[in-house]
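Please examine the sequence and the model shown below. The paragraphs that follow lead from a pocket to the core and then to individual residues.

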Amino acid sequence: ASSADGWMLLAEEMLQKGDLRLALRALYLATLATLAGRQYIAIARHKSNRDYDQELRRRAKAQADLLAAFSSNVTIFERGWYGRHTTTPELFQDFRSNFEKMKAQKT
C-alpha cells in the first residue's frame, strides 16, 4: 500500500471520530503523497505549501483542473489547520471532492 493509502485510512478514522481538522490534515498529506507518486512534486520537510504549489505549476502546467483543485485545497487546508476557521463537513467534502478530481487526472 502506498503512503497515500495510509493517509486516506487515517483521514477516514479521524472522520469517524468527528475530528474534521485532523481528517483534513491527513487528506492533505494523502494529496501530497499522491502528487509525489506521480512525480509532480518531491516531498521535503523544508517545503511550504506555496513551494508545492509552485512546483506543481511547473510540472503540470497543462493540467488546469489539477492545478485549480490543488490550489483550492491548499486554501481550505491552511484556513482549517493554521487559521481560526472551523473545518465544517461541507468544507471537508469540498476538499475530498477536489482530491478525488486530482486522483482521477491522467498523468
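**Pocket, core and buried residues**

The lining of the largest pocket consists of 11 nonpolar, 3 polar and 3 charged residues; in this classification Ala, Val, Leu, Ile, Met, Phe, Trp, Tyr, Cys and Pro are nonpolar, Asp, Glu, Lys and Arg are charged, and the others, Gly among them, are polar. The model is predicted, so that local features need pLDDT of at least 70 and side-chain atom pairs count only at pLDDT 80 or more, whereas totals for chains, interfaces and linings use all residues. Residues are numbered from 1 along each chain as its sequence is written, and side-chain values use heavy atoms, with hydrogens and water left out.

The largest pocket holds about 370 Å³ of space. Among its 17 lining residues, those closest to the centre are R25, Y28, L29, L32 and Y52. A pocket is here an open set of points on a 1 Å grid over the protein atoms alone, where a 1.4 Å probe fits and protein lies on both sides within 12 Å along at least five of seven lines; lining residues have an atom within 4 Å of a point. Grid points are joined across faces, edges and corners, and the volume is the space filled by probe spheres set on them. Four helices, α1 (3-16), α2 (20-37), α3 (49-59) and α4 (64-81), each contribute at least two lining residues, and α2 provides the largest share, with 5 residues. Helices are DSSP runs of H or I with at least four residues, numbered from the N terminus.

Y52, one of the residues closest to the pocket centre, belongs to helix α3. Its relative accessibility is 4%, and Y52 therefore counts as buried (under 20% relative accessible area, with a 1.4 Å probe and protein chains only). Beyond its neighbours within four places in sequence, Y52 is in contact (heavy atoms within 4.5 Å) with Y28, L32, I41, A42, I43, A44, K47 and F70. The side chain of Y52 also reaches the backbone oxygen of A44 at 3.1 Å. S71 is 19 residues from Y52 along the chain, and their C-alpha atoms are separated by 9.9 Å.

The largest nonpolar core has 30 residues, and Y28, L56 and F70 have the most contacts inside it. Helices α1, α2, α3, α4 and α5 (89-104) each give two or more residues to this core, with α2 giving the most, 10 residues. Such a core is a set of buried Ala, Val, Leu, Ile, Met, Phe, Trp, Tyr and Cys residues joined through side-chain atoms within 4.5 Å.

N73 is buried because its relative accessible area is 0%. Not counting residues up to four places away in sequence, N73 touches D94, F95, N98, F99 and M102. L67 and R79 are 12 residues apart in sequence and 18 Å apart in space, C-alpha to C-alpha.

Finally, T87 is located in the loop between α4 and α5. T87 counts as buried because its relative accessibility is 10%. Apart from residues up to four places away in sequence, T87 touches L20, R21, L24, G80 and F92.

How values were computed:
Buried < 20%, exposed > 50% of the residue type's maximum accessible area, 1.4 Å probe, protein only. Polar contact = N/O pair within 3.5 Å; in protein donor to acceptor, adjacent residues only side chain to side chain.
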